[in-house]
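Please open the structure in a viewer and keep the selection tool at hand. Each stop of this tour names what to select and then describes what is there.

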Amino acid sequence: GGRRDSRAADGNGLGGGSGNGSRRKSMTNDSSLSTSSNPQLREIYSLQQSIMRHIRQQDLSKAYKLIQEMIVLTQAMKRDVGTCRNDASTIIDETIRSLAEMAFSRGGGGKEAADRIALGLDALHLQLSSQASLTSPYNSIPRATWIKALCALTSARGVRRIHLKAGDSNGTNGSPTTPADASFGVLQRLITGAGVRRRPILPGADSGKTPNGSDLDERDFSMVLNAFVSSGRMDMAHRVVALQERTTSAPPLSPVAYSIMIKGYGKLQDAKNIEMMLSHAKRNGIAPDTIMYNSLIDAYINCDLVEEAQKAFSALTDRAGSNMESTPTPNIRSYNTMLKGYARNGELRKALELHNQWIRPACGTKSQRILWSRLPSLQENLKRPKIFLRNLR
């Protein structure tokens with residue numbers, strides 16, 4: 001599923017936390033609720049027990065339908081029963097987060113993953129659409145849960161469409177949408193704080209970093225950016241970059257974003273936009289790192305611009321002689337990518353020279369020895385270029 005993230009510990013464990021920062025114990029196993037004087041609360045507690053069984057059995061569809069019944073019962077509660085309404089809100093919050101945990105953490109791909117992730121998002125949207133019935137802070141979703149949703153949407157394999165029942169604030173309106181588009185909506189929520197549960201503000205803490213009091217992480221933007229680039233939707237990829245660039249609470253653009261964009265344009269064999277991204281990076285004062293250089297070399301090779309790839313490779317290897325610790329240096333991928341470019345272009349003699357330069361005994365580092373063990377004998381493959389090409393892929 002999604003990546004494990006330290007930000008998942010947002011101070012919102014089961015039972016959540018009240019607005020003043022106090023913690024409540026989980027109500028999942030609070031059997032006293034089964035004898036509550038409020039009939040709706042008794043029924044809500046009973047439904048929760050059934051829902052938790054369905055979740056354990058991984059039957060999220062049935063669990064979701066019962067959650068809808070819980071919401072209806074809460075709406076029927078009289079407003080003068082504040083304690084019961086708060087207890088009901090807590091139970092619903094715990095239950096939806098349990099379903100979301102299962103929906104977003106199992107990994108996998110295909111239709112099963114698409115349906116599961118959609119149910120998790122539907123449950124979150126259902127909770128947000130019931131804000132008038134739920135007490136604060138349970139009428140919003142913990143940031144950690146949104147992060148898990150973001151991870152699930154951007155890492156699901158082979159999922160082209162997800163079908164949401166309720167839709168969300170990003171305009172899906174319950175229609176089929178792509179995981180990338182849904183992840184963009186989640187990212188917007190994380191930026192604006194709409195529907196994102198605020199953490200308790202502790203004395204002396206800096207609460208002005210973002211609308212919900214949490215730092216935005218570059219990984220959040222990179223996951224969504226990768227999702228659009230992987231599907232060739234560079235227009236939306238640019239929207240993600242622009243969103244990161246203009247959001248004051250977001251981390252500044254780094255070589256990571258430019259590497260992803262350059263890689264995307266390389267796959268599309270769009271040399272013009274590769275140059276445009278390089279110019280954009282230069283204007284923003286971004287110094288390429290090894291990964292960005294590698295992406296650039298690979299992109300040029302995909303565009304059959306081996307000479308440009310050679311220039312980028314030379315810039316990287318020339319920097320390797322610097323004594324500055326921050327200077328990027330070539331790695332195995334740098335050499336392997338350049339070797340692939342020479343081979344594709346039929347320049348096997350240059351590939352052999354580069355190979356010999358890299359593994360010569362005077363420079364026998366550990367990484368070079370690893371490369372030597374992975375690459376075929378170029379002398380032999382000069383006679384068999386097709387085999388050489390296949391081995392370098």
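This is a predicted model: local features need pLDDT of at least 70, side-chain atom pairs count only at pLDDT 80 or more; totals for chains, interfaces and linings use all residues.

Residues are numbered from 1 along each chain as its sequence is written, and side-chain values use heavy atoms, with hydrogens and water left out.

**The whole chain**

Select the protein chain. Its secondary structure comprises 17 helices and 4 strands (DSSP runs numbered from the N terminus: helices are H or I with at least four residues, strands are E with at least two). Of its 393 residues, 50% are buried (buried means under 20% relative accessible area, with a 1.4 Å probe and protein chains only). Contacts are heavy atoms within 4.5 Å; among those between residues at least 6 apart in sequence, 64% join residues at least 24 apart.

**Helix H9**

Next, select residues 255-267, which form helix H9. Its end C-alpha atoms are 18 Å apart, in agreement with the 18 Å that its 13 residues should span at 1.5 Å a residue (the expected span is 1.5 Å times one less than the number of residues). Why is H9 described as largely enclosed by the rest of the structure? The reason is that 10 of its 13 residues are buried, including Pro255, Tyr258, Met261 and Tyr265. After H9 comes glutamine 269, with a positive phi near 55°.

**The largest nonpolar core**

Now select Phe104, Leu121, Ile162, Leu225 and Met261, which touch the most other members of the 101-residue largest nonpolar core. Such a core is a set of buried Ala, Val, Leu, Ile, Met, Phe, Trp, Tyr and Cys residues joined through side-chain atoms within 4.5 Å. Centre the view on leucine 121; beyond its neighbours within four places in sequence, its contacts are Phe104, Ala149, Leu153, Ile162, Leu164 and Ala182.

Finally, select cysteine 151 and cysteine 303. Cysteine 151 counts as buried because its relative accessibility is 2%, and cysteine 303 also counts as buried, at 15%. How many disulfides does a search of the whole structure find? The search finds 0 (a disulfide is a pair of cysteine sulfur atoms within 2.5 Å).
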